[in-house]
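Please walk through this model with the cavities, the charged pairs and the surface in mind. Keep the sequence and the structure open side by side.

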Amino acid sequence: MLYLARFAEGFGFITLITLLPYYINVLDPSDTTILGVTIGAGLIVGLYTTGFTLAQTAAVVPLAWAGDRFDKRTVLLGILGLGAITYALFPQVDSSASFIAIRALQGIAVTGGGLMTLSLVGQLADVGTRANAIGKANAANFAASILGSISAGTLYELFGFGPIFLVIVALITVAWVGTFAFLDADETRIEGFPFADLALNRRILTLSTFRFQYAFAVTLVRTWIPIFAGVAAAQGGLAYGGFAVALTVVAEKATNMVCQPFTGRLSDGYGRALFVFFGGAAYGVVALFVPFAPGIGAAIGFPSQLTLSVPSAVAGITFPGWIPVVSEAAVPGRVDLVGDVSPAFLPLLVLSGLLGVADSFREPASMALFADEGTEEGGVASSFGIRELVWRPGSVIAPLLGGWLMYEVSMGAVFYVGGAFALTGAATFLLVLVYGHGTDALTEW
C-alpha cells in the first residue's frame, strides 16, 4: 500500500511538471506591477514552481512532527485526501495567480505524501535492506512518473487540461481506500521535538553540505528539461509537441526507476556515502552537456522527424486527428506520434536518461542514510523532515534563478549553473567527509 501511495504521489507531481510549458504558453505571463514594484515575466514563471516549494517548506516541520508524534497512517490518509481535492481544483485555473495558489496546495500534499511513505518504508525495513526497500518505493514513484508524463502529453493534446486531473483524482482515491483498508496503524510514538537532536547529528550535518547545493542542481535541471523541450523557440526552447516533451521527462524517470532497486542494494553493501558522491558528481557532468544537444544532433546528423512505424488504421480503429500524419508519399498509411523535431531530440533523450542513471546512485543511498540516523535517534519522520528542509532553499530559489537566467541570459545558462551546483556539492561533501570522519568513511557509511 505504501508503494501504491508513492505511485499516486509521483503521478500527480510529474503531470504538473510535464504540463508546465503549456501553462506558460496558455497563461502567457507578462511583467506585472504590484504596489509600485514591477515583477518580470521571468520571475512569474519562477513562481510557478517557487509557490509550490514555499508551501512545501512551510509544511515540512509540522507534518514530520505529527508523523513521529501520532499515527503516520492517519497523517498519510489526511494528506491523500488533500491531494485529491487539490488536483480537482486545477481545471479551474484561469490566471497565473490561481495557478500559483493551487500549486501551493499541491506542495503540501506532495511533501506530506513523500514524508509519510518514506518514513514508514524506512521504519519497517531492516538496516541491511533499507536502501533497497527505499529504491523499490522510489521505483514505484518513477513508474507513475513515466505513465503520468505520457498520459499528460497525449491527453492534453486530445482534450485539454480537465480530463488529466480527473485521472489523477481517481488514482489518489484508490490509494486512499487501499491505505485505509490494508495498511496497519503505526504504533510508534515519539515524545518531544526530535528535530532538535537530529539537527546536530554529525552524519546529517555532513550530508547536508552536499544536499544543500545539490537541491539547486536538481531543481534547475529537472524543471528546465521539459521547459527547454516545450517552450517556443523565441524563448530559447525547442518548441516540441506534447508527446515529445513527455518523452524527455520519461527518459530520466525510466532509467532512474530501472536502476534504483539495484543501486540501492549495492549501496547497502558497498558504502552509501560513496554512492552519494559518485551520483552527485556524475549528475553535474551530464547537466553541463544538455545545452549542447542541438549541436550534438547536428554534428551526428540525426533526423528532424521521427516516424513510428504504426498503421494509421489498425483493426478498423483509426487514430484521432490530433496525431500528425506523415505525407502519404513519404510513408503511406503511417502516423507520426512525435511530430516535427530538431536533430537535438535524440541527444536530449539520451542526456535525460543519463541524468536518471546518475541520480539513481545518489537517491536511495542518501535516503537510507537519513533513515538510519532517524531510526537510531528516535524520529524517522523528523530525520526525513530535516532532509526536506535542507532541500528547500535550493528548491525555492532555483526556479526564480532559472526564470531569470532563461529570460535575461540564455536557456543554456540554466543548465551550466545547475551542473556547477552539483559538482561543487559533491566536492564539498567529499572534503567534509574525509576531514571530519576519516578517509574510510566514504565506503564505511
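Ile108 is found in helix H4. Helices (H or I, at least four residues) and strands (E, at least two) are DSSP runs, numbered from the N terminus. This is a predicted model: local features need pLDDT of at least 70, side-chain atom pairs count only at pLDDT 80 or more, and totals for chains, interfaces and linings use all residues. Residues are numbered from 1 along each chain as its sequence is written, and side-chain values use heavy atoms, with hydrogens and water left out.

Stay with Ile108 for a moment. Its relative accessible area is 27%, so Ile108 is partly exposed. The cut-offs are these: buried means under 20% relative accessible area, exposed means over 50%, and partly exposed lies in between (1.4 Å probe, protein chains only). Val60 is 48 residues away from Ile108 along the chain, yet their C-alpha atoms are separated by 8.2 Å.

Now look inside. Rolling a probe the size of a water molecule over the atoms shows where empty space is left. Here a cavity is a set of points, on a 1 Å grid over the protein atoms alone, where a 1.4 Å probe fits but cannot get out; lining residues have an atom within 4 Å of a point. Grid points are joined across faces, edges and corners, and a volume is the space filled by probe spheres set on the points. How many cavities of 30 Å³ or more does the structure hold? There are 3.

The largest cavity has a volume of about 700 Å³. Its lining takes in 34 residues, and Phe13, Gln56, Arg222, Trp391 and Arg392 lie nearest its centre. Seven helices are named as giving two or more residues to this lining: H1 (2-27), H2 (41-69), H4 (96-124), H5 (130-159), H8 (202-230), H12 (345-377) and H13 (380-409).

Residues lining it include Ala5, Glu9, Tyr87, Val110 and Ile172. H1, H3 (72-89) and H4 each supply at least two of its lining residues. H3 gives the most, with 4 residues. This lining divides into 8 nonpolar, 2 polar and 1 charged.

**Charged pairs**

Side chains of opposite charge can pair when their charged atoms come close. A salt bridge here is a side-chain nitrogen of Lys or Arg within 4 Å of a carboxyl oxygen of Asp or Glu. By this rule the count comes to 9.

Start with Arg392, one of the residues nearest the centre of the largest cavity. Arg392 forms a salt bridge with Glu388, and the closest N and O atoms are 2.4 Å apart. Both residues lie in helix H13, 4 residues apart, about one turn of the helix. Are they buried or exposed? Glu388 is buried at 16% relative accessible area, and Arg392 is buried at 4%.

Helix H12 holds another pair. Asp359 and Arg362 sit 3 residues apart there, about one turn of the helix. Their side chains meet in a salt bridge at 2.8 Å, N to O. Asp359 has a relative accessible area of 0%, so it is buried. Arg362, at 3%, is buried too.

Glu252 and Lys253 also form a salt bridge, with their closest N and O atoms 3.4 Å apart. Glu252 is buried at 6%, and Lys253 is buried at 3%. These pairs belong to a network: Arg222, Glu252, Lys253, Asp359 and Arg362 are linked by salt bridges. Arg222 also lies among the residues nearest the centre of the largest cavity.

**Out to a loop**

Finish with Ala239, in the loop between H8 and helix H9 (242-270). Ala239 is not a glycine, although its phi is positive, at about 60 degrees. Its relative accessibility is 43%, so Ala239 counts as partly exposed.

Notes: On a 1 Å grid over the protein atoms alone, a cavity is a set of points where a 1.4 Å probe fits but cannot get out, and a pocket is an open set with protein on both sides within 12 Å along at least five of seven lines; lining residues have an atom within 4 Å of a point. Ala, Val, Leu, Ile, Met, Phe, Trp, Tyr, Cys and Pro count as nonpolar, Asp, Glu, Lys and Arg as charged, and the others, Gly among them, as polar.
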